[in-house]
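Open the model in your viewer and keep the selection tool at hand. The tour goes from one selection to the next.

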Amino acid sequence: MNIDFLDGNEMVALGAFEAGCNFFAGYPITPASAILQQMIDDLPKHGGTAIQAEDEIASIGFCIGASMTGKKVLTATSGPGLSLYSENIGMAIMGETPMVIVDVQRHGPATGSATKDGASDIQFARWSTSGGYPIIALVPTNVEECYTMAIQAFNYAEQFRTPVFLLSSKEIAMTRERVDWSKIKKPEIINRTYHKPEDGKYIPYRFVNSEDIPPFAAYGGEELTRYTTSTHDENANLLADPVKIQRMMDHLNKKIDSDKISLVVKDFEEGAEILVVSYGVTSRTAREAIKMARANNVKVSSLVIHSVWPVPEKEIKNALKNVKKVIVPEMNAGQYIYEVQRLITNNAQLIGVNTMDTRLINPEKIYQAILS
Amino acid sequence: MSTTVAPASSFLFEDKKFPFCPGCGHTVSANALNKALVTLKIDPKQTVIVTDIGCVGLTDHYFNINAFHGLHGRSITYATGIKLANPGLNVIVLMGDGGLGIGGGHFLNAARRNIGITVLVFNNFNYGMTGGQHSTTTPMHGITSTTPEGNEENPVDICALVGAVNGSFAARTTVYDKDLTDIMVAAIQHKGFSAVDILEPCTAYFAKKNTMDKEGILGLMTSLGYEKGIVINKNREELTEKIKKHTAQQMAIVASKQKEQKQFKHNLIKKTSLVIAGSAGERVISSSFLLAYSGIISGLFVTQKDDFPITVMTGYSVSEIIFSDEEILYTEIDKPDYIFILSMNGYERVKNRINANTIIITDESLNMVELLKGKVDPKNIINIPIVKEARVIDKNYAVMIGLAAFLHHSNLFSQDAFVEAINTKNKPAFIEKSLQAIEVGAQMIKSLVNS
């Protein structure tokens, strides 16, 4: 028998080990502290280094430095800590740094409710830093997905040389569930592409087509390399030429594309004119409501979004076909509903089911919206 | 393959000239660094120059060495990450007094943890890049654009900061001193954190508005009582050396082989929820875990979540468990099937969820029959002497007694599964008394049924 009883934080850590994570820096914050703890306890057993930094700014700073030596790095925090990460998230985007940032969301702005659940940071993750450049964010709905999506997050970080968010939340992070390892499909591990000597002189930020990812060279390797937070040319020199600046900015914009990054779970019912679009722990509540509806012969389809950023537009558009009512339940004031709204091309009615009382959305509320 | 390369006579790009203002101290310091690196015969591939924002942040571009140019005041954090990840590298931070101000916490912590990086502070008493505003090292009464009447604040003593956290190396010198290169060499060679406070004129601003030429800088040092040369030089083990040892020890630990997981059958007919409401220190959460885990090895889907105040050693301690034979989607327990109340703290936390159909398992001393009169049918209250019987074993096992009572009342799965969970997932010291406790709880329900 290969069954465990684990919570989402433990599963994130196990996923990170499986992905080959070998550097972690973090700072304690509820409900993410257990990830820091497990990394301190167990990462050295895998030969990696885990350290508690003096604050969140240092945590992400350590991670960025370590990533550029070739490490696969992870940090974990919650909303208030993510606020402190902000500037360095921008730098990680600009410098093209592979890293995984776990945000175990909790309720409310500022300190909010430290031990309570909420989907507070869905748009915050998207726009968490100045400049407005694309990011990748994955949202698990249960503990098993904390594991598989941690691996997937590392894969995307490595593949696209960018920070990738794993947006779990208190409810998933701190609720133990049955884990059946025999049923878990591990993603194949992807590592960043390194510069090869036969490709000639190493140029740190070289790309041919806008969407290309510059090959990587680590500090301490055979190539000299440069990293920069500033708008730069391919040699990491400061740029002043508007044409070159535009080209470089297009690159950051185009390399993250929902044609390449699009993870959804479709449960469409033939002839259904009602669609529920959901993410995170609320997807489970939604599934419960959909079960109730179907048991009462109400046809309803479901689209669960695992990669909330970039918005899987094609999948959402496809799901919206022939739909007359769209329900978007969220444990916030309504953050993702507008991403759905802008993709609606007919007169479909759009209903948000929103709670911010720290409890999960009751399935009955979504069921009532389906019936309404 | 390693190739022998002739020692470099300079690490500066031949076709680039430093961009600093005429007479700026940065040019002197940067050239001194180049000389120091030549003297040390460093391998540029094994060296990283880390800079942040300000005029000094332009410096790394002029060296044909690995470079990292980061955010204002955060260079020490990047350097720390680089060093932690690859301790073999020489990691040299070039920062200004501005970076020191904004990243003062990182400076203190890097010195405190004795991470083997070198921090060279190009200290010219003001922000040269943004128009000559005051910084944390601007001397008292210094004139800057934001202190037009003279600075009212005390300047920070960089070497004293290192001393304040028992740091291992600090030095101070000026761009007028002949030992500038030698001090840099000593700082880079030092095993552990090293900082050099390099006093410089900012010819664009601070030196102009204040008489901060050579005489001025020397006078300032005298008036502040600043020592020159190597001020602190201690032999303390460097952080990555300690981490290396720790990692080696941890990697040598062989994971204990997991025992074969036994499987049990369950008797669950419908999804069943249990809320355990007690107080801190009663082992509510750890005991609940054992019951929940026994549900898992009985083939059930189970969720467990816990609720306690942030001051963990006081107040309520609540655990919530759902048992089901299919995937549990909604993990809230709005209407618990069972509530096990062991303390008034716990009762207060969960009382709003008690309804007419809730089965209450409780300790008779809490007088729940009276308290829940009219709310819960008395026949749904299992009022048993949990605390009294626990004292016979050990008061810390009251929760285990109550959980066993729940298991025998609900008959969700066999006690053998609970015993297995206790034997495999409990701390060894707790096993014997746990087993005694669940036997006591089982007997209580049996005698209730018989009476």
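Which strands, in what order, make up the open sheet of chain A? The order is E10-E12-E11-E14-E15, 5 strands with mixed pairing. Helices (H or I, at least four residues) and strands (E, at least two) are DSSP runs, numbered from the N terminus, and two strands pair if DSSP finds at least two bridges between them.

This is a predicted model, in which local features need pLDDT of at least 70, side-chain atom pairs count only at pLDDT 80 or more, and totals for chains, interfaces and linings use all residues. Residues are numbered from 1 along each chain as its sequence is written, while chains are lettered from A and ligands numbered from 1 in the order in which they are written.

**The sheet in chain A**

Select strand E10 (264-267) and strand E15 (349-354) of chain A: these are the edge strands, and each pairs on one side only. From one strand to the next, the twist averages 15°.

Next, select E11 (residues 274-278) and E14 (residues 325-330) of chain A, which run parallel and are joined by 3 bridges. Ile274(A) stands opposite Lys325(A) in E14(A).

Most residues other than glycine have a negative phi, and most peptide bonds are trans. Select Thr30(A) and Pro31(A): a cis peptide bond joins them, with omega about 0°. Pro31(A) sits in the loop between strand E2 (23-26) and helix H2 (33-42) of chain A. Another cis peptide bond joins Trp309(A) and Pro310(A), with omega about -10°. Pro310(A) lies in the loop between strand E13 (307-309) and H10 of chain A.

Go on to Thr358(A), which is not a glycine but has a positive phi of about 80°. Thr358(A) is in the loop between E15 and helix H12 (363-371) of chain A.

**Chain B**

Finally, colour domain 1 (25-245) and domain 2 (272-450) of chain B; the bounds come from an automatic or database domain assignment. Taken over C-alpha atoms, the centres of these two domains of chain B are 60 Å apart.

Methods: Axes are lines fitted to C-alpha atoms, for helices over the stretch in contact, and angles run from 0 to 180 degrees between N-to-C directions.
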